[in-house]
Amino acid sequence: MSYTTLMFDLDDTLVIERAAESASFLAACGCALDYGIEPEEVSRSVQEAARELWTALPVWSWCDGIGISAWEGLWGDFTGDGPQLGLLRSLVGEYREKVWRTGFRRAGVQGAQAARCAEGIYLRERAGRHEVYPGVHETLAALRERFTLVLLTNGAPGVQREKTVRPGLSEYFHHIVISGEFGFGKPDPRIFKYALALTGTAPDRALMVGDNPVRDIEGARRCGIGTAWVNYPGVHFPGEGSPDHEIRAFPELLDLAGLQHPSAPV
């Protein structure tokens, strides 16, 4: 592999995101069992309410551009500078309360007590679910010895940094670039070009590793950056064209880089 810089997405590439969200919603909606309603039904209702209310926020288009999701709005720390982030902070408390109240009511759970209980459980559950995929720590540690590693992630600064610090990922990266601090998110070419300039790397010497066909793969390709699609589910690539590489387990990057697996005999 002729690359000298490896750029990594965070959510559902390094950190288990969608499964953590689903488990947290189900745990929180367990409050509905006291009313004879299944948590799965309430979870669907709450998520539907979250999507509707999130897109109605006056700051939604900015959040969408830098990659802050409706689910992150239910638990994230939105500290930081900037008028849009400040506006989000002023709105998020009411948003959370309204999501849980609306979702529970639509599912047939009346009264505010159960919704408040669920909101608190979700916050605790989500804060404790920042786990990485198998082999991530060992693989990043090995790659760091040979390559410049950049975390290139969309999202709010406080939220994304928590996802790197809690599972101990931040120590592996030479640079961390977060869209909420930069002002633009993937697939905007400006954030990719910024990462290239930060490391002094030519596009054809950089590889973007990520799960999102548009934000990660197509965004990098447009800038002339190599691409490695993280395909844990083993599905057909849904975008146009195809990535330069495909991995279905994170340690496969070591094979791609020509490095020995940490567990292999010397």
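Select Asp-12 to begin: this residue is buried, with a relative accessible area of 6%. The model is predicted, and the values given along this tour are computed from it. Asp-12 sits in the loop between strand E1 (5–8) and helix H1. Its phi angle is near 60 degrees, a positive value in a residue other than glycine.

**The largest nonpolar core**

Next, select Val-42, Tyr-95, Trp-100 and Phe-104. Of the 38 residues in the largest nonpolar core, these four touch the most other members. To see which elements give two or more residues to this core, colour helices H1 (18–28), H2 (39–55), H3 (60–66), H4 (83–106) and H5 (112–127). Which helix gives the largest share of this core? The answer is H4, with 8 residues.

Keep Phe-104 selected and display its surroundings. Leaving aside neighbours within four places in sequence, Phe-104 is in contact with Ala-28, Cys-29 and Cys-31, with Val-42, Val-46 and Val-109, and with Ala-114, Ala-115 and Ala-118. Another core lies apart from the largest one and has 26 residues.

Now select Cys-63 and then Cys-117. Is each of them buried or partly exposed? Cys-63 has 0% relative accessibility and therefore counts as buried, since the cut-off for buried is under 20%. Cys-117, at 36%, counts as partly exposed, because this value falls between the 20% and 50% limits. A disulfide is a covalent bond between the sulfur atoms of two cysteines. In this model, the count of disulfides comes to 0.

**A pair of strands and a helix**

Move on to strand E2 (residues 148–153) and strand E3 (residues 175–178). In which sense do these strands pair, and over how many bridges? They pair in the parallel sense, over 4 bridges. For one example, select Leu-151, whose bridge partner in E3 is Ile-176.

**A cis peptide bond**

Finally, select Lys-186 and Pro-187. What kind of peptide bond joins Lys-186 and Pro-187? The bond is cis, with omega about 15 degrees. To place Pro-187 in the chain, display helix H8 (179–182) and helix H9 (189–199), as Pro-187 is found in the loop between them.

Technical notes: Residues numbered from 1 in each chain as written. Predicted model: local features only at pLDDT ≥ 70, side-chain atom pairs only at ≥ 80, totals over all residues. Heavy atoms only, no water. Core = buried A, V, L, I, M, F, W, Y, C linked by side-chain atoms within 4.5 Å. Buried < 20%, exposed > 50% of the residue type's maximum accessible area, 1.4 Å probe, protein only. Contact = heavy atoms within 4.5 Å. Disulfide = S-S within 2.5 Å. Pairing = 2+ DSSP bridges.
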